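Have the model open in your viewer and a selection tool ready. We will go stop by stop.

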Amino acid sequence: MVVVVWQALRVRYQRGRIALLGRHLGGLQLERHMETLTQGYTRAIREESEARQLQVLETFAPTERAVAAQVRSLADAMQKESPQAVRMSTLSLCVPYIERFLPAMTRDFRELLHIHAAGLRHVVDNEAQWDAKKRAYHLSAELYLLQHSCHWFCKSRAVADARLMLRHQVNHRKVLDSVSAATRSAYLRWQGNEKR
């Protein structure tokens, strides 16, 4: 009986999370742009000549700028949600309504979205002056980490980890190591784990 009730609570809770994020994503083309970039970068790397790789990578500049702008819009829009509605568990498994009875075990998803928005803008603007391939590598990692955060908010950290491995054949640690230093540092502070 307890298991059935727990499952029902978990499903209801996660549906609420998905609906909340979905409302803000509805007016954006973020998911389509992210798919275009992740598939496009993979296609570019498979090109035999480096000149052709660079040529293909350059075609994604408008989509990269659109992604950075839309993640900023998402972060700003989520700011309007109540603080309790955007808390997410630091635990690996989903604990329904943990933000109500164990708020110390949660973090603010809005802050995390602002970290992603700043990180994507940093890489898209190429402030570190990377070459095109290295920039695409870091931008892919930024997108994977953003996707992971959204899955974590909607489902759980364990589900987000599993989806990251299933979709992109990479684990969370590798993705975190591959984003820009600015994103990684801010992300670890957000987690409350500044030292690695």
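Select cysteine 94 first: it is buried, with a relative accessible area of 10%. Buried means under 20% relative accessible area, exposed over 50%, and partly exposed in between (1.4 Å probe, protein chains only). Cysteine 94 is in no disulfide; the nearest cysteine sulfur belongs to cysteine 154, 11 Å away. Go there. Cysteine 154 is buried too, at 9% relative accessibility. Cysteine 154 also lacks a disulfide, and its nearest cysteine sulfur, that of cysteine 150, is 6.7 Å away. The whole structure has 0 disulfides, counting pairs of cysteine sulfur atoms within 2.5 Å.

A word on the model. It is predicted: local features need pLDDT of at least 70, side-chain atom pairs count only at pLDDT 80 or more, and totals for chains, interfaces and linings use all residues. Residues are numbered from 1 along each chain as its sequence is written, and side-chain values use heavy atoms, leaving out hydrogens and water.

Next, histidine 138 in helix α7. Helices are DSSP runs (H or I, at least four residues) and strands likewise (E, at least two), numbered from the N terminus. Histidine 138 is buried, at 10% relative accessible area. Show its contacts (heavy atoms within 4.5 Å). Leaving aside residues up to four places away in sequence, histidine 138 touches Val123, Trp130, Ser178, Val179 and Ser180.

Move to helix α3, residues 50-58, and colour its buried residues: Gln53, Val56 and Leu57. Looking down the axis of α3, they fall within an arc of 100°, so they line one face of the helix. The arc is taken from the directions between the helix axis and the C-beta atoms. These buried residues pack against α2 (30-46), α4 (61-78) and α7 (132-154). On the face turned away, find the exposed Ala51 and Glu58.

Now the salt bridges: there are 7. Each is a side-chain nitrogen of Lys or Arg within 4 Å of a carboxyl oxygen of Asp or Glu.

- Arginine 17 and glutamate 99: closest N and O atoms 3.5 Å apart. The pair links helix α1 (residues 2-25) to helix α5, 82 residues apart.
- Arginine 23 and glutamate 81: closest N and O atoms 4.0 Å apart. Arginine 23 is in helix α1 and glutamate 81 in the loop between α4 and β1 (87-89), so the pair ties together parts 58 residues apart in sequence. Arginine 23 is exposed at 56%, whereas glutamate 81 is buried at 18%.
- Arginine 157 and aspartate 161: 3.9 Å, N to O. Both lie in helix α8 (residues 157-168), 4 residues apart, about one turn of the helix.
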